[in-house]
There are 2 protein chains.
Amino acid sequence: MITAPHSVSLDGFIADADHRSDRLHAWLRSGGTPSRLNPSFTMPAASAAFFDQGVARCGAVIAGRRTHDVTGAWGGKGPMPGLPLFVLTHRAPDPAPPAEPPYTYVTGGIERAVEQARTAAAGKDVVLMGATVVQQCLRAGLLDELIINLVPIVLGRGVRLLNDLEPVDLELTGVIDAPAVTHLTYRVLK
Amino acid sequence: MITAPHSVSLDGFIADADHRSDRLHAWLRSGGTPSRLNPSFTMPAASAAFFDQGVARCGAVIAGRRTHDVTGAWGGKGPMPGLPLFVLTHRAPDPAPPAEPPYTYVTGGIERAVEQARTAAAGKDVVLMGATVVQQCLRAGLLDELIINLVPIVLGRGVRLLNDLEPVDLELTGVIDAPAVTHLTYRVLK
């Protein structure tokens with residue numbers, strides 16, 4: 001399955017105008033239950049269970065080049081340490097920054113990135129990170145699931161998750177009413 | 001209390017580019033339980049209870065001039081029949097369309113509209129309708145509650161509920177996981 005989990009403000013942003021998303025991710029450090037998968041995240045039990053379930057399903061990640069650059073290539077560890085990462089870009093960096101496992105830069109478009117990531121995921125989910133990647137995947141009809149961790153703040157401006165798309169119908173498949181965030185899972189209808 | 005309930009798409013729109021909102025309001029006719037207050041709306045029981053509670057709290061309505069014009073002034077009955085309606089506008093229509101109770105056109109700005117509607121509501125809630133009215137009220141620090149009936153569709157373009165605002169913090173006070181829509185209630189923190 002191709003899934004896209006993001007923490008989103010009430011006005012639809014996944015990062016502010018400086019590409020920062022600290023406030024949107026505050027729920028990952030808002031309670032007493034540590035994530036089993038990443039104990040540096042401690043949160044309310046309902047969020048920890050949801051987070052760990054999601055992470056356990058992941059087999060590979062596709063991220064956009066902007067996120068890659070803004071984060072300093074995640075210090076070489078990727079956004080989900082240990083998982084193969086595919087970076088959608090117009091041009092691969094030369095030299096590529098060191099990373100373990102090494103990052104794959106995909107210049108052949110979203111379809112090619114999904115194809116490669118699906119193979120690497122070996123039956124597990126492919127996770128999308130970043131607005132451009134999600135929008136391209138939705139437009140190409142390749143997205144299966146959209147997860148919105150809805151955070152009760154208005155940011156005013158920033159990077160919109162869902163922007164300039166064609167109409168799409170979805171089906172709500174899960175709601176988790178956690179203290180600092182609402183976890184909403186949608187299936188994309190095709 | 002000043003409250004603002006809207007049916008909103010996943011990408012933040014309360015109407016499409018033609019100012020139509022039929023698909024966003026489909027949940028009002030998506031089930032078997034009639035609203036006690038408006039039996040022409042039949043919906044899942046959870047939505048009917050939420051809808052009726054909200055309507056019962058209302059004492060007056062403030063709407064924007066665009067909504068007024070697009071709907072043909074609600075045929076003179078207002079968006080909530082029987083309740084006093086205040087229309088925020090730069091210039092009152094002359095002659096004013098007939099309405100019962102007569103509409104009040106407020107040209108003195110959002111503060112004045114809230115003041116007049118609050119008096120008319122006589123202790124009950126003032127309900128805001130329309131993106132411009134909500135945004136002006138949020139900017140003026142006058143909004144107490146935001147209700148988002150989140151509909152699982154992407155519209156692509158249209159009228160955004162939360163647009164071009166300054167940062168605001170809110171607190172989630174209620175989630176109702178109904179079949180065709182998620183009812184999210186937020187308190188605006190001041």
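Residues are numbered from 1 along each chain as its sequence is written, and chains are lettered from A in the order in which they are written. In this predicted model, local features need pLDDT of at least 70 and side-chain atom pairs count only at pLDDT 80 or more, while totals for chains, interfaces and linings use all residues.

Colleague: Which peptide bond of chain A is cis, and what is its omega?

Modeller: Most peptide bonds are trans. The bond from A:Glu100 to A:Pro101 is cis. A:Pro101 lies in the loop between strands S6 (85-88) and S7 (104-106) of chain A, strands being DSSP runs of E with at least two residues and helices runs of H or I with at least four, numbered from the N terminus. For the bond from A:Glu100 to A:Pro101, omega is near -5°.

Colleague: Is A:Ala73 buried or exposed?

Modeller: A:Ala73 is found in the loop between helix H2 (65-70) and S6 of chain A, and its phi is near 55°, a positive value in a residue other than glycine. A residue is buried if 20 or more other C-beta atoms, placed from the backbone, lie within 10 Å of its own, exposed if 12 or fewer, and partly exposed in between. Because A:Ala73 has 20 C-beta neighbours inside 10 Å, A:Ala73 counts as buried.

Colleague: Which residues have the most contacts inside the largest nonpolar core?

Modeller: A nonpolar core is a set of buried Ala, Val, Leu, Ile, Met, Phe, Trp, Tyr and Cys residues joined through C-beta atoms within 7 Å. Two residues are in contact if their C-beta atoms, placed from the backbone, lie within 7 Å. A:Phe86 touches residues including A:Ile62, A:Val106 and A:Ala113, not counting those up to four places away in sequence. The largest core has 115 residues, and those with the most contacts inside it are A:Ile62, A:Phe86, B:Ile62 and B:Phe86.

Colleague: Which element gives the most to the side of chain A that touches chain B?

Modeller: The contact takes 22 residues from chain A and 22 residues from chain B. On the chain A side, strands S10 (153-154), S12 (168-177) and S13 (182-188) give two or more residues. With seven residues, the element that gives the most is S12(A).
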